[in-house]
Amino acid sequence: QVQVVESGGGLVQAGGSLRLSCAVSGRTFSDYSVGWFRQTPGKEREFVAAVSRYDDSTYYADSMKGRFTISRDNVQNTAYLQINSLKPGDTAVYYCGARFGIATMSITSYDYWGQGTQVTVSS
């Protein structure tokens with residue numbers, strides 16, 4: 001069984017930065033692609049970024065390019081999402097998903113999810 005745990009969220013002022021972590025355990029981490037998604041109340045969960053297994057290819061939602069950077073550390077079994085120049089509009093619960101396959105932007109293709117980590121950006 002694969003377990004996914006997010007961490008690193010918090011309250012930050014606009015213009016600040018955060019690095020979110022996604023720890024994946026239970027199977028060989030390098031076999032899994034990881035995607036970050038975010039959700040605000042009343043809205044659907046939206047794709048942010050993904051990093052593929054094996055070749056570490058990265059993918060970003062068009063609106064996330066520039067301020068968001070996804071990476072992975074196969075020794076630490078952890079994926080990261082660096083967010084710079086935070087804006088109040090980035091306030092959301094950020095979720096990490098893992099899938100046994102190449103990275104995709106489709107939320108339904110991820111098999112394992114964490115509980116999410118809250119990011120709140122004050123103006």
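Student: How many bridges join strand 4 to strand 5, and do they run parallel or antiparallel?

Tutor: Five bridges join strand 4 to strand 5 (residues 46-51), and the two run antiparallel. Strands here are DSSP runs (E, at least two residues), numbered from the N terminus, and two strands pair if DSSP finds at least two bridges between them. This is a predicted model, where local features need pLDDT of at least 70, side-chain atom pairs count only at pLDDT 80 or more, and totals for chains, interfaces and linings use all residues. Residues are numbered from 1 along each chain as its sequence is written, and side-chain values use heavy atoms, with hydrogens and water left out.

Student: Which residue is the bridge partner of Gly35 in strand 5?

Tutor: Ala50 is the partner of Gly35. In the hairpin of these strands, with six residues between them, Gly42 takes a positive phi near 85 degrees.

Student: What about strand 9, in which sense does strand 4 pair with it?

Tutor: Strand 4 and strand 9 (residues 92-99) pair in the antiparallel sense, over seven bridges. Gln39 stands opposite Val93 there.

Student: Why is strand 4 largely enclosed?

Tutor: Six of the seven residues of strand 4 (residues 33-39) are buried, so the rest of the structure largely encloses the strand. Buried means under 20% relative accessible area, exposed over 50%, and partly exposed in between (1.4 Å probe, protein chains only).

Student: Is Arg38 buried or exposed?

Tutor: Arg38, which is in strand 4, is buried, with a relative accessible area of 11%.

Student: Which side chains make polar contacts with the Arg38 side chain?

Tutor: The side chain of Asp90 does, at 3.0 Å, and so does that of Tyr94, also at 3.0 Å. A polar contact is a pair of N or O atoms within 3.5 Å; within protein, one must be able to donate a hydrogen and the other to accept it, and residues adjacent in sequence count only if both atoms are side-chain atoms.

Student: New topic, rings. How many aromatic pairs are there?

Tutor: The count is six aromatic pairs. Rings of Phe, Tyr and Trp (its six-membered ring) pair if their centres lie within 6.5 Å; planes under 30 degrees apart count as stacked, over 60 as edge-to-face and the rest as tilted. One of the pairs is Phe37 with Tyr110, with centres 5.4 Å apart and planes at 75 degrees, so this pair is edge-to-face.

Student: Where do Phe37 and Tyr110 lie?

Tutor: Phe37 lies in strand 4 and Tyr110 in the loop between strand 9 and strand 10 (112-113), so the pair ties together parts that are 73 residues apart in sequence. Both residues are buried.

Terms used. Helices (H or I, at least four residues) and strands (E, at least two) are DSSP runs, numbered from the N terminus.
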